[in-house]
Amino acid sequence: HIFFAQNSLWHVLQAGVNFSFITNNINDINGFTLMVCSLYYILQNQKEDGSFSVKNILAYMPLCSVMLFQFLQAPSPDIPVLLFVPIIFHLYLTGKKTDSNFKVAFLLFVYISAIKLTVLPIGLIFMSGAKQKENLKFMSLIAIPFAILWAIKNAIVSGYPLFPMALGRLHNQWTVPKSIVDFLVKVTKNGAYYANAPVPQNNTLVTKLCSWINLPGLDGIMNKLTLVLLAVPPLLPGLLTSKKHKMLYAALLINFLALLLSSPQYRYFLHITIMLLLIIANWVYKRFVWRVYLYKYAVVTATVAVLLFITNTPLNGFTTNEFHKNTGVFSISQLWKPERNTKLPNLVFEKRQELKLEYYSPTDLPFIYGTADGPLPCINERMLLYMKKNFDVVPQPLGKTPDEGYFALSVK
């Protein structure tokens, strides 16, 4: 499946440390990363005597943790992006072009870019630092190996070194047919603008944007919220006076516009939303005398929000996705024993066959792409039959074992 071409360095890291050959319960790399980053946010706002004091934008990041909970139950590549982007901007705002902050920030940026290409525009903040020979040398030594690894991974998985761009297609036996790539990319883009609604005949940019801003549920809320937040910084006196803050805002704005014109799913620009919340909150805190009480009220509000989330408050009004409505059941035992790597531990899989391909398919999973935690090789039968009917191809094994790979056989 072409979506596997999007398996990022974060998925690789998760696969390398979950020890699935021992247990099926080690699944908390995202939760662990959230804990480590939260500790870093707090330490960056610690006084010499050990007490907490709001010094920079990272002080507000723990208050946004409830926005990250929906990504904790899977090795979602969104988590490192959402957690590392504030650190990158913090290092950028507080450091100099010649100190280690610049290098650490760039290293984190390259890493999250290899995880999700959608963050590339924020690299604009490193342009001025790249003018220095030493920085340019360091940036090249970091970026080039990452880019080569990323292209090799894409080539091996899908046959498209620059995936999701269908450029430089390799003519290998395992390469995914271009018709399938084009179809799934189109479906993904239309889904960002129209969700589950039918795509109109007059599918112009204006039509797309009108539909996008009026999407129901959580998508529509986040879309409107982000637009409002983007409009606020220029209106706040003193916020964009420094060159660094102007560059930060410009990078966020360009990043958002690039996504708006390509695939504006809110999770793709959630890092922008969070960053805008942080810089606006920091401005408000510094402008008001009663800022200490304001921060305490924010802590209480965020704590209540987290409690509502982990006590399984229904999300019916925010999403139509049945899997997202179920926030999971929290229990005390999870403190010492993580849950299994799936929300559907009782899902039944049946062995099926398509020509020479023997595979397992879930028996009752409406999501056409879904396979949950099935035995390998695993594919949803609905997906296989859909591709066979509409694209005249079926997957077939290249050898006798799954690790030898698969190819798309034409059945015209």
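Tutor: The discussion below takes up a helix, a hairpin, aromatic rings and charges over rings.

Tutor: This is a predicted model, in which local features need pLDDT of at least 70, side-chain atom pairs count only at pLDDT 80 or more, and totals for chains, interfaces and linings use all residues. Residues are numbered from 1 along each chain as its sequence is written, and side-chain values use heavy atoms, with hydrogens and water left out.

Student: What span does helix 3 reach from its first C-alpha to its last?

Tutor: Helices (H or I, at least four residues) and strands (E, at least two) are DSSP runs, numbered from the N terminus. The expected span of a helix is 1.5 Å times one less than its number of residues. Helix 3, residues 78–94, has 17 residues and reaches 25 Å, close to the 24 Å expected.

Student: Where does helix 3 bend?

Tutor: A bend is the angle between axes fitted to the seven residues ending at a residue and the seven starting there. Helix 3 bends by about 25° at F84, and the proline P86 follows within four residues.

Student: How do strand 1 and strand 2 run?

Tutor: Two strands pair if DSSP finds at least two bridges between them. Strand 1 (residues 349–354) and strand 2 (residues 357–362) run antiparallel, joined by six bridges. R352 stands opposite Y359 of strand 2. Two residues lie between the strands of this hairpin, where L355 has a positive phi near 55°.

Student: How many aromatic pairs does the structure hold?

Tutor: Rings of Phe, Tyr and Trp (its six-membered ring) pair if their centres lie within 6.5 Å; planes under 30 degrees apart count as stacked, over 60 as edge-to-face and the rest as tilted. The structure holds 13 such pairs. F102 and F126 are edge-to-face, because their ring centres are 5.6 Å apart and their planes stand at 80°. F102 is in helix 4 and F126 in the loop between helix 4 and helix 5, 24 residues apart. Both F102 and F126 are buried. Ring pairs link F102, F106, F109 and F126 into a cluster.

Student: Which charged end sits over the ring of Y92?

Tutor: The criterion is NZ of Lys or CZ of Arg within 6 Å of the ring centre and within 35 degrees of the ring normal. K244 has its charged end over the Y92 ring, 5.5 Å from the centre. K103 lies over the face of F138, 5.4 Å from the ring centre.

Conventions. Buried means under 20% relative accessible area, exposed over 50%, partly exposed in between (1.4 Å probe, protein chains only).
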